[in-house]
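Here are some notes for a colleague who is opening this structure for the first time. Please keep the sequence and the model side by side while reading.

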Amino acid sequence: MAIYFIRQKGTNLVKIGWAKDPVARMATLQTGSPHEFELMAVGEGGAKEEHALHRRFADDHVRGEWFRMSGEIGVAVALCNPAFARLAALEPRLLDGARAAGGVDHEEGRPFCAAAEWYGWKGSGVKDHVTAFVGWLRKDKSVPELCGVEAYDIVYDVLSSILPGCRGCNCLGGLDGDE
Ligand SMILES: [Zn+2]
């Protein structure tokens, strides 16, 4: 039994539900729809946890199990990753990065560049929310787990997966994991 977050690609719609097998659930959803979906995260929980999430994100409810992506949903998605959750327990400011990634402004049918959002070519990027707190740029070296390249990579992987994929942009391939 697990909680899942499934995004409809190219939109800011995310389905929050529970299933015995989220991968199979996603395949079923894909078979019955002309839209393309991606499994953003799988977390621990069942019906009870699903109800709690639905209540928590009620303001962003669209219909059925579908919600509008938000900064707080970004945080919930990030915390499904146990390695990220461990780092965030040591350094809660990392959650601001997840909030920024989840809350990016993007309009359906319009070009979007994940790399621009990450690096902040238009101002401050998602990356700027976390680089002072994790990896080699962290000044406070008292918690070694937060200072290594491994910790940075975990945060990068999770936050870049929360950002929507590049579409119709002119960057050279976007961030890792884009299609
Ligand atoms: Zn791009």
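1. Basis of the notes. The structure is a predicted model, in which local features need pLDDT of at least 70 and side-chain atom pairs count only at pLDDT 80 or more, while totals for chains, interfaces and linings use all residues. Residues are numbered from 1 along each chain as its sequence is written.

2. Domains. The chain is divided into domain 1 (1–68) and domain 2 (82–179), with bounds that come from an automatic or database domain assignment. The centres of the two domains, taken over C-alpha atoms, are separated by 22 Å. Five residues from domain 1 and five residues from domain 2 make up the contact, where contact asks that C-beta atoms, placed from the backbone, lie within 7 Å. On the domain 1 side, the touching residues are one nonpolar, three polar and one charged; here Ala, Val, Leu, Ile, Met, Phe, Trp, Tyr, Cys and Pro count as nonpolar, Asp, Glu, Lys and Arg as charged, and the others, Gly among them, as polar.

3. Helix α5 and its surroundings. Helices are DSSP runs of H or I with at least four residues, and strands are runs of E with at least two, numbered from the N terminus. Helix α5 covers residues 94–102, and seven of its nine residues are buried, so α5 is largely enclosed by the rest of the structure. A residue is called buried if 20 or more other C-beta atoms lie within 10 Å of its own, exposed if 12 or fewer, and partly exposed in between. The buried residues of α5 are Leu94, Leu95, Gly97, Ala98, Ala100, Ala101 and Gly102, and they pack against α3 (71–79), α4 and α7.

4. Helix α5 with α7. The axes of α5 and α7 come within 8 Å and cross at roughly 25°, where axes are lines fitted to C-alpha atoms, for helices over the stretch in contact, and angles run from 0 to 180 degrees between N-to-C directions. That angle makes α5 roughly parallel to α7, a class for angles under 35 degrees, with over 145 roughly antiparallel, 65 to 115 roughly perpendicular and the rest oblique. Leu94, Gly97, Ala98, Ala101 and Gly102 of α5 meet Val155, Leu159 and Ile162 of α7, and this contact divides into six nonpolar, two polar and no charged residues.

5. Helix α3 with α5. These two helices pack at an angle of about 125°, with their axes 7 Å apart, and are therefore oblique to each other. By class, their contact has eight nonpolar, three polar and one charged residues.

6. Helix α4 with α7. The axes of α4 (residues 82–90) and α7 (residues 149–162) come within 10 Å and cross at roughly 115°. Ala83, Phe84 and Leu87 in α4 meet Ala151, Ile154, Val155 and Val158 in α7, a contact of seven nonpolar, no polar and no charged residues.

7. Lysine 9. This residue lies in the loop between β1 (2–8) and β2 (13–19), and it counts as partly exposed because it has 13 C-beta neighbours inside 10 Å. Leaving out residues up to four places away in sequence, lysine 9 touches Glu36, Phe37, Glu38 and Gly165.

8. Arginine 63. Strand β4 (residues 61–63) holds arginine 63, which is exposed, with 7 other C-beta atoms within 10 Å. The C-alpha atoms of arginine 63 and valine 77 are separated by 20 Å, the two residues being 14 residues apart along the chain.

Definitions and conventions: Two residues are in contact if their C-beta atoms, placed from the backbone, lie within 7 Å.
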